[in-house]
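Dear colleague,

I am handing over the structure below, together with some notes on what was found in it. Please read the notes alongside the coordinates.

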Amino acid sequence: MKKINRRKEFFAPAKQIPWSIVVLLLYSAFIAFYNTYMVVLLEKATGAIEQWDSKRFQQIIMMLIVLFLVHYASKIFYKPHNFKIIRDFSNYLDQKYFAKFLKANNNNTEKIGTGRMISILQKGLITRVDTLINIFRANAMQVGTVLLSLYFLATKSWSFFLIGIGLSGPVATAIGTA
């Protein structure tokens, strides 16, 4: 029961902005799809070069360009949402914890030092916001990559499935912490 309450308290800022969280999850799943599908398209482009099929190679390059432009446009669209998520999480946590700090006993606060206490609070809030965002990103990327890998398993072959599953961990880790 205590662990459940701690988890609810940890994820409480996410309840304040559910639509921003949905945008974060969709964007992260798209990034996972983008990274995995770019590998597949590059593999197809290499196959077209090996077969001297210039028409197919041009089509694949056009798909790569379109996918890259969609990715770039999504980054431009997502950037303000990312700042909004960080701002809203920070505002919620500031209101919650700085109010407790202001109500705290001054004698206990002075033992630690007011400046040091404020620094500890600020660093803790920044760490918590980053952790929350990275948790949502990493989980969405894992789900997006696994779904794409299952699609490859159903439509292509085992090799595509294994490539997708193999990329799900490193890609989600690399992008989720970037």
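Which residues does Ser28 touch, not counting residues up to four places away in sequence? They are Arg137, Ala140 and Met141, where contact stands for heavy atoms within 4.5 Å.

Before going further, please note that this is a predicted model, in which local features need pLDDT of at least 70 and side-chain atom pairs count only at pLDDT 80 or more, whereas totals for chains, interfaces and linings use all residues. Residues are numbered from 1 along each chain as its sequence is written, and side-chain values use heavy atoms, with hydrogens and water left out.

Ser28 lies in helix α3; helices here are DSSP runs of H or I with at least four residues, numbered from the N terminus. Ser28 counts as buried because its relative accessibility is 1%, the classes being buried under 20% relative accessible area, exposed over 50% and partly exposed in between, with a 1.4 Å probe and protein chains only. From C-alpha to C-alpha, Ser28 and Ala138 are 7.6 Å apart in space, although 110 residues separate them in sequence.

The next point is helix packing. The axes of α3 (residues 18–50) and α6 (residues 114–155) come within 7 Å and cross at roughly 45°, the axes being lines fitted to C-alpha atoms over the stretch in contact, with angles from 0 to 180 degrees between N-to-C directions. The two helices α3 and α6 are therefore oblique to each other, given that angles under 35 degrees count as roughly parallel, over 145 as roughly antiparallel, 65 to 115 as roughly perpendicular and the rest as oblique. Among the residues that meet are Ile21, Leu24 and Ser28 in α3, and Ile133, Phe136 and Arg137 in α6.

Leaving out residues up to four places away in sequence, Phe89 touches Pro13, Ala14, Ile17, Ile21, Val129, Leu132 and Ile133.

Lastly, Ser74 lies in helix α4 (residues 54–103) and counts as buried because its relative accessibility is 15%. Beyond its neighbours within four places in sequence, Ser74 is in contact with Tyr27 and Phe30.

Best regards
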